[in-house]
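Dear colleague,

A summary of the findings follows it.

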Amino acid sequence: MPSSEPLGDLIAALQRLPGIGARSPTRLAYHILKTPREDADALCAAILSVKDRVTYCSICSNITAEDPCGYCLSPDRDPRVLCVVEQPENVGAIEKTRGFRGRYHVLLGAIAPLQGVGPDDLKIKSLLARIAADGDGPKVEEVILATNPNVEGEATALYLARLLKPLGVRVTRIAMGVPVGSDLDYADEFTMSKAMEGRREM
């Protein structure tokens with residue numbers, strides 16, 4: 001099928017999405033073609049709304065439609081405990097446990113020298129600023145490092161532990177109930193809950 005045709009262009013666009021297999025773009029394109037026009041309009045509107053309205057929280061770097069985000073503003077969350085994760089989707093994995101009531105800090109990546117990602121490319125300076133802040137509110141007492149249990153996540157956790165310990169905060173790492181080499185997104189609620197409960201000192 002010539003790529004200049006609308007259907008070919010749609011298939012090509014869908015192929016660029018992550019996690020899409022070889023046949024999925026074609027199936028999705030034909031599904032969109034068969035759906036009513038209002039469903040296609042709703043999909044387009046949802047995509048444009050995400051691009052126009054969703055941004056990063058100025059405090060924790062989580063994705064949000066309102067800045068600051070609901071986690072940072074919630075009076076029900078303990079500001080003395082910060083959970084550090086790599087990506088915004090990791091927040092959702094931890095929230096599924098319904099057991100963590102602290103606040104978050106999203107690094108927007110992990111240290112990966114082979115991919116050219118160093119500490120300066122992550123939201124580490126803003127994390128240190130949050131911990132060192134001399135505001136009226138309670139100071140951060142514990143930082144839970146919930147980076148992915150793979151080489152990059154472990155390297156990031158060790159790097160952060162060395163930076164944070166001299167600041168006088170308790171630094172813990174989630175337990176390895178999460179399989180080594182996997183992503184937090186794929187952990188079920190029970191595994192994630194146990195990993196949080198079994199966190200250890202760094």
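Is Y56 buried, partly exposed or exposed? Please bear in mind that this is a predicted model. With a relative accessibility of 46%, Y56 is classed as partly exposed, because that class lies between the limits of 20% and 50%. The residue belongs to strand β1, which covers residues 55-56. Y56 also takes part in a nonpolar surface patch together with V50, V54 and I63. The accessible area of these four residues together is about 350 Å².

The whole structure holds 2 aromatic pairs. One of them joins Y71 and Y104 in an edge-to-face arrangement, with 5.3 Å from centre to centre and 70° between the planes. Y71 is part of helix α4 (residues 70-73) and Y104 part of strand β4 (residues 102-106), so this pair ties together parts that lie 33 residues apart in sequence. Y71 is partly exposed, at 25% relative accessibility, whereas Y104 is buried, with a relative accessible area of 1%. Ring pairs also bring F100 into a cluster with Y71 and Y104.

Finally, there is N90, located in helix α5 (residues 88-95). Its relative accessibility is 2%, so N90 counts as buried; the cut-off for that class is under 20%. Apart from neighbours within four places in sequence, N90 is in contact with V85, N148, L184 and D185.

Yours sincerely

Definitions and conventions:
Residues numbered from 1 in each chain as written. Predicted model: local features only at pLDDT ≥ 70, side-chain atom pairs only at ≥ 80, totals over all residues. Heavy atoms only, no water. Patch = residues over 30% accessible without salt bridge, like charges linked within 9 Å, V, L, I, M, F, W, Y side chains within 5 Å. Areas by Shrake-Rupley, 256 points an atom, 1.4 Å probe, with all protein chains shown as cover. Salt bridge = Lys/Arg side-chain N within 4 Å of Asp/Glu carboxyl O. Helix = DSSP H or I, 4+ residues; strand = E, 2+ residues; numbered from the N terminus. Buried < 20%, exposed > 50% of the residue type's maximum accessible area, 1.4 Å probe, protein only. Contact = heavy atoms within 4.5 Å. Phe/Tyr/Trp six-rings, centres within 6.5 Å; stacked < 30°, edge-to-face > 60°.
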